[in-house]
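Open your viewer and switch to a cartoon view. We will walk through one model, stop by stop.

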Amino acid sequence: MTTTAGRGVDWAASAAGLAPAVPSIELDAVCFAYPDGTRALRDVSLRVAPGERLAIVGQNGSGKSTLARHLNGLLRPTSGRVLVAGVDVAAQHVARLAALVGLAFQNPDRQLFAGRVSAEVEFGPRNLGIRGAELTGRVSAALEAVGLADQAATNPYDLGYSRRKLLALASVLAMRTPILILDEPTTGQDARGVVRIRDVVADAAAEGRTVIAISHDMTFVAECFQRVVVMRAGRVVLDGPPDIVFAEQAWPELRATYLEPPLAARVGSRLGLGSTPTEAALVAALKPANAT
Ligand SMILES: Nc1ncnc2c1ncn2[C@@H]1O[C@H](COP(=O)(O)OP(=O)(O)OP(=O)(O)O)[C@@H](O)[C@H]1O
Ligand SMILES: [Mg+2]
């Protein structure tokens, strides 16, 4: 595989001498039942365009993490198909899929295993064949991005939960996959941690990568994502941009899945300002039309 130093884009088709391309994702009538019979996904069809920023929300147990685990081949549909770059995940080599899709787990302790922070972050890119200065550069850039640059020699289990979560994120970032999936990235983070995660999402989006995040943090979702998918009991029940999904008309559907619209949306609605899913939208709606 061709690689470039620093924050260069080196994925997918570059190996074949084509312009780098971010793959699409498609779920086609996906159903999934765990071995104990729990039906976690029911007829989920979804297309995620290259470079899209998509948030998946829904009550506990609605199937979000199960869906995420289908995108990197950790789980295979009971029926239906998952396509990455137009190819059925079931037919893709694990190594190729790992180079395309990076998943930061909801529970970092299911992901972390190394005895040293730097070794943890090195593992993924090493498996992709990255070595030398490129590897060192990726590890330090990923640790820098999550604010763990001064912890390279630490044992991951000496870090608190929120930092282990950031470390799990760094280990996925270092793989520089064109598709990034973050399962509950802001859980346990203070305001500074949330800003770091917002920056990670913005940077990945600026590079044209696809970012899918699962989250219970509706403000983070409304501010950082252009599309929101709402799940309930294994199904997609709403799918649209934040100003539609968080508009007052959608609230009964949101409440049925125990979701509270973002504060800005609720304030805008009470003031009769229409749909204001973000603080910026609320401020803009409050300003007189001719003000700048
Ligand atoms: N390994 C498993 N074996 C059996 N059932 C499971 C397993 N993992 C999850 N489930 C069940 O599948 C359903 C979907 O779970 P999933 O973890 O995908 O939901 P989620 O939306 O990610 O929830 P949360 O918001 O709590 O993270 C739930 O009923 C859950 O109890
Ligand atoms: Mg989950």
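**Stop 1: the sheet.** This model is predicted. Select the six strands in the order β6-β7-β8-β3-β9-β10. Together these 6 strands make an open sheet, and their pairing is mixed. Now look at the edges. Residues 101-104 are β6 and residues 235-240 are β10. Each of these two has a single partner strand, so one of its sides has no neighbour in the sheet.

**Stop 2: a pair of strands.** Select residues 53-58, strand β3, and residues 210-214, strand β8. In which sense do they pair, and over how many bridges? The sense is parallel, and there are 4 bridges. Next, pick Ala-55. Opposite this residue stands Ala-213 in β8.

**Stop 3: helices on the sheet.** Show helix α1, which packs on the sheet. Then select residues 191-206, helix α6. This helix also packs on the sheet, touching β3, β7 and β8. The direction of α6 makes about 155° with that of β8.

**Stop 4: the ligand.** Centre on ligand 1, which has 13 residues around it. Which come nearest? They are Tyr-34, Asn-60, Lys-64, Ser-65 and Thr-66. Go back to helix α1, residues 64-71. It gives the largest share of the shell around ligand 1, 3 residues. Finally, colour the shell by residue type: 9 are polar, 2 are nonpolar and 2 are charged.

Definitions and conventions
Residues are numbered from 1 along each chain as its sequence is written. Chains are lettered from A and ligands numbered from 1 in the order in which they are written. This is a predicted model: local features need pLDDT of at least 70, side-chain atom pairs count only at pLDDT 80 or more; totals for chains, interfaces and linings use all residues. A residue is near a molecule or strand if its C-beta atom, placed from the backbone, lies within 6 Å of it. Ala, Val, Leu, Ile, Met, Phe, Trp, Tyr, Cys and Pro count as nonpolar, Asp, Glu, Lys and Arg as charged, and the others, Gly among them, as polar. Two strands pair if DSSP finds at least two bridges between them. Two residues are in contact if their C-beta atoms, placed from the backbone, lie within 7 Å. Axes are lines fitted to C-alpha atoms, for helices over the stretch in contact, and angles run from 0 to 180 degrees between N-to-C directions.
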